[in-house]
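Trainee: I have a model open and want to learn to read it. Where do we start?

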Amino acid sequence: MTYELIIIGGGIQGVATAYELAKRRAGKILLLEKTILTGGSTGSCAAGIRAQFGSEFNVRLMARSLEIFEHMDEELGYTKEYLELWQGGYLVLAYSGKEFEGLKRNAEVQHRFGLDTAILSPEEVERDFPRVNIDGVVGATYHSRDGHADPFRVTFAYAEAARKLGVEIREWTPVSEILVQNGKVRGVKLQDGSEEYSDRVLVTAGAWSTALLKTAGIDLPLWGEKHEILITEPWERVLGPMVISFSRGFYIQQRPHGSFIMGLPPVNPEHWYEPEEFDFSSSMDFLMRMTKEATHVLPFLQGVNIVRQWAGLYEMTPDHHHAIGPVDEVEGLWVAAGGSGHGFMFGPAMAEQLSKWMSGNSMDIDLTPLAPGRFKKGALVVEPAVVG
Ligand SMILES: Cc1cc2nc3c(=O)[nH]c(=O)nc-3n(C[C@H](O)[C@H](O)[C@H](O)COP(=O)(O)OP(=O)(O)OC[C@H]3O[C@@H](n4cnc5c(N)ncnc54)[C@H](O)[C@@H]3O)c2cc1C
């Protein structure tokens with residue numbers, strides 16, 4: 001069968017884009033997922049959502065993503081409770097004067113786009129968030145509409161809505177090769193040897209995108225980087241905001257049901273380009289560093305038991321931004337991957353804008369600076385506010 005579009009990868013990016021394109025009547029769409037929907041980074045993530053970025057571009061995109069999350073219940077037909085959308089804010093702590101100045105500069109950009117990010121002294125942090133240990137804290141910023149959601153339920157909700165609009169989704173269907181003929185994409189070859197045809201293919205395979213694109217002769221500087229994370233037993237609800245520090249790298253949130261989820265970046269990050277290299281093992285080193293950091297920032301956590309730890313991949317690019325748009329070398333081949341440690345939160349806005357781009361409509365937020373060709377041209381996009 002021939003499709004108008006084949007999407008490879010069923011994480012937030014692939015599924016949300018399938019939905020947005022189906023909404024714009026983009027024709028027959030087939031989405032192929034190697035394992036289950038959310039089987040990649042989306043299912044490993046903390047699903048934090050924040051508009052507290054530093055570049056105009058990211059602040060605009062995240063302001064739009066926040067709006068989409070806030071209306072997702074009406075859009076997809078699931079309640080906010082089901083999606084576990086929790087808007088308790090993000091409290092970003094600064095541990096040096098220089099870092100605080102940077103946060104204040106970021107807040108100025110956020111204010112320009114209508115976000116009411118507050119700039120807090122350590123005393124104000126202590127007053128508003130008495131559970132937070134302000135030892136070493138020089139200042140902070142707080143934006144109340146930030147928060148987190150359930151990455152599984154959000155993705156499944158998009159998938160269900162996409163199916164209702166006619167998108168065909170096949171799980172347990174790995175793609176082994178992107179088929180190219182005379183410089184044009186022709187479809188995909190599946191691991192079982194069969195082929196599916198389309199003159200447009202969108203790769204949303206997260207950290208696996210690099211290997212897939214290589215089968216079409218495309219060299220993309222996108223690599224997987226292991227990040228570890230843990231979850232505790234449920235506890236009484238005491239923590240409203242997601243508490244994070246860019247300089248120390250930690251993030252800690254409390255889920256609506258009471259468990260705490262927290263993570264820290266690796267000390268010596270490795271760059272993995274080939275799926276055979278990916279390592280999802282958990283380490284004692286992470287457990288020790290994480291518990292030390294967490295019980296320092298939130299001392300009450302000393303009384304909370306950890307129930308599970310796991311590892312997932314940030315899909316990294318040289319400037320921590322997505323590679324999104326058509327690939328220069330092969331007509332009809334598109335990519336949307338590389339969200340680094342923030343691909344879940346950007347997913348809805350990226351999907352919306354990308355679907356406008358792919359269906360020939362004008363974008364409200366121009367994504368063309370993120371086209372994959374920028375790496376060869378050295379036109380990197382700089383963002384100061386990233387974790388890890
Ligand atoms: C520990 C951790 C914490 C994080 N915390 C946050 C956070 O708080 N907020 C945030 O916004 N982001 C966070 N992230 C980042 C976020 O998870 C990712 O950026 C995002 O989920 C990427 O989504 P994606 O759809 O692009 O890729 P993925 O979710 O990786 O989806 C790609 C899919 O492609 C499939 N696939 C791969 N190869 C093939 C193939 N050959 N054929 C078919 N299918 C294939 C995979 O199985 C996978 O399901 C975190 C990540 C980690 C690891």
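Mentor: H1 is followed by Arg25, whose phi is positive, near 50°. Helices are DSSP runs of H or I with at least four residues, strands are runs of E with at least two, and numbering starts from the N terminus. This is a predicted model: local features need pLDDT of at least 70, side-chain atom pairs count only at pLDDT 80 or more, and totals for chains, interfaces and linings use all residues. Residues are numbered from 1 along each chain as its sequence is written, and side-chain values use heavy atoms, without hydrogens or water.

Trainee: What span should the twelve residues of helix H1 have?

Mentor: The rule first: take 1.5 Å times one less than the number of residues. For H1 (residues 12-23) that gives 16 Å, and the end C-alpha atoms are 16 Å apart, which agrees.

Trainee: How many residues of H1 are buried?

Mentor: Buried means under 20% relative accessible area; exposed is over 50%, and partly exposed lies in between (1.4 Å probe, protein chains only). Eleven of the twelve residues of H1 are buried, so the rest of the structure largely encloses this helix. Among them are Ile12, Tyr19 and Glu20.

Trainee: Now the sheet. In what order do the six strands lie?

Mentor: Two strands pair if DSSP finds at least two bridges between them. Here the order is S9-S3-S2-S13-S20-S19, an open sheet with mixed pairing. Strand S9 (168-170) and strand S19 (323-326) are the edges, each pairing on one side only. Neighbouring strands are turned by 20° against each other on average, direction ignored. Axes are lines fitted to C-alpha atoms, for helices over the stretch in contact; angles run from 0 to 180 degrees between N-to-C directions.

Trainee: Which strands does H1 touch?

Mentor: Contact means heavy atoms within 4.5 Å. H1 packs on the sheet and touches strand S2 (5-8), S3, strand S13 (201-203) and strand S20 (333-337); its direction makes about 170° with that of S3. Helix H10 (residues 343-358) lies across S2, S13, S19 and S20, at about 15° to S19.

Trainee: Which residues cover the faces of S20?

Mentor: Leu333, Val335 and Ala337 are buried on one side, Trp334 and Ala336 on the other. Five of the five residues of S20 are buried, so S20 is largely enclosed by the rest of the structure. S13 and S20 run parallel, joined by three bridges. Leu202 stands opposite Trp334 there. S19 and S20 pair in the antiparallel sense over four bridges. In that pairing, Pro326 stands opposite Trp334. S19 and S20 form a hairpin with six residues between them, and Gly332 in the turn has a positive phi of about 90°.

Trainee: Which residues touch the most other members of the largest nonpolar core?

Mentor: In soluble globular proteins, nonpolar side chains tend to be buried together. A nonpolar core is a set of buried Ala, Val, Leu, Ile, Met, Phe, Trp, Tyr and Cys residues joined through side-chain atoms within 4.5 Å. The largest has 75 residues; Ile49, Val154, Tyr158, Leu354 and Leu367 touch the most other members. H10 gives the most to this core, with nine residues.

Trainee: How far apart do the centres of domain 1 and domain 2 lie?

Mentor: Domain bounds come from an automatic or database assignment. Here that gives domain 1 (2-45 + 152-222 + 319-377) and domain 2 (88-144 + 223-316). Their C-alpha centres lie 29 Å apart. The contact takes 18 residues from domain 1 and 16 residues from domain 2.
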